[in-house]
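Biologist: Hello! Could we go through this structure together, one question at a time?

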Amino acid sequence: MIVVAGEALIDLVPQGPGALAGLQPALGGGPYNTAVALGRLGSPTAFCSRTSHDAFGEALLDGLRKAGVDVSAVQRGTEPTTLAVATIDGNGSAAYSFYVDGTADRLFTTPDRLPAGARAVSFGTCSLVLEPGASAYEKLMRSAAAQGVFTALDPNIRAGLIPDADAYRARFADWLPSVTLLKLSEEDARWLGGTPREWLAAGPAAVVMTRGGDGLTVFTGDGAEHSVPGEQVAVVDTIGAGDTVNAALLHGLSTWDALSSDALRALGDDGWTRLLRFAARAAAITCSRAGAEPPYASELGEL
C-alpha cells in the first residue's frame, strides 16, 4: 500500500482567455492528483486527508473511489472545500490563486497509525504550508520515517500561500532527514535556493528534478546523475504533470520492490533511466489533455 497524505481541493480552470473567462470546476490538489494517478496505474493506494461534507467534497471522494483508492483514512468536516483558481499562460503553464480560509483540509489531525500495509507515504504542496494541518502532516512524516517507512516529498511550491519564505525554507531543510525521495521542479529549486547535493547530504537517498519539456534528472547519494529528455507532445496544459511524475516514480519503485534507501542507491543507470522515462511518458500524457487527467496503466505500456 502506498499512502498519499495531503490536500484535496477543487481547481477552477479557465475555459478561455481573460480574467472573466468561464471557470470549469475540476478535482485537484497535488496529493489528490498523485493518489488518483497511482490508482490508475494499478498500485494499491490509500488517501490520508480531511475533506468537506459539501458537494465538492463528495465529488473528490467519488473520484478517488473510481480510481480504486482506499478512502477509509479520510477525515471529514462541515467546513467548505478549498478552491484553487487556475490561470493558464500561452505555453499551457498554470498559476494559481487559492481560497483557503476556514476550509476543511486545513483542520487535518495526525492519525494514530498509517493504513495497514503502508510501505510508502507521499507528502507535499499546500498541506505542508497551511496550519494547523501542516504541523499534523509534518508529525505524520516524522513518525513514518521513524518507523522505517519510505517517505516521498514534493514541496510543489505555491509562493502565494507562504507568508514567510525564510521560515518555510528553514522548515523544508528540517524535513529532509525524514525524507527518502525528494522530487521537485526547477522552479521549486530556484525558490528554495538550495542544490540537489546539499539536499542529499541532509538525508534523502535521491533527488529527482523535473525540467518541464526538457525532461527529468535524478541525483543520487553516490554522486551520480542520470537524465532523460521530455516526451514530445502537444501541450494542452501542465496541470497535474508533476503529480503524475510523483505517482509514476512511486509506482515503478513499488513494482520493483525498491521502496527503500538502499534500493534507490542500487538502481544504477539502467534502472533510473527506465524509471525516469516511464515518468516522463506518464507526465506527457497528462499534459496532452485538459486538467489533471493522469494516464491509466494501459496507456503507458511496460515500465
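Biologist: How many bridges join strand β13 to β14?

Modeller: Welcome! This is a predicted model, in which local features need pLDDT of at least 70, side-chain atom pairs count only at pLDDT 80 or more, and totals for chains, interfaces and linings use all residues. Residues are numbered from 1 along each chain as its sequence is written, and side-chain values use heavy atoms, leaving out hydrogens and water. Strands are DSSP runs of E with at least two residues, helices are runs of H or I with at least four, and both are numbered from the N terminus; two strands pair if DSSP finds at least two bridges between them. β13 (residues 216–220) runs antiparallel to β14, and the number of bridges joining them is four.

Biologist: Which residue of β14 is the bridge partner of Leu216?

Modeller: β14 covers residues 225–228, and the hairpin has four residues between the strands, including Gly223 with a positive phi near 90 degrees. In a regular strand, side chains alternate between the two faces of the sheet. In β14, Glu225 and Ser227 form the uncovered face, while His226 and Val228 form the covered one. The partner of Leu216 is Val228.

Biologist: Is helix α1 largely enclosed or largely open?

Modeller: Buried means under 20% relative accessible area, exposed means over 50%, and partly exposed lies in between (1.4 Å probe, protein chains only). The buried residues of α1 include Tyr32, Val36 and Arg40. Because 12 of its 12 residues are buried, α1 is largely enclosed by the rest of the structure.

Biologist: How many disulfides does the structure hold?

Modeller: A disulfide is a pair of cysteine sulfur atoms within 2.5 Å. For Cys48, the nearest cysteine sulfur, that of Cys126, is 16 Å away. For Cys287, the nearest is also that of Cys126, 19 Å away. The number of disulfides is zero.

Biologist: What is the radius of gyration of the protein chain?

Modeller: It is taken over C-alpha atoms, and the globule rule is 2.2 Å times the number of residues to the power 0.38. With 303 residues, a compact globule would come near 19 Å, which agrees with the chain's 18 Å.
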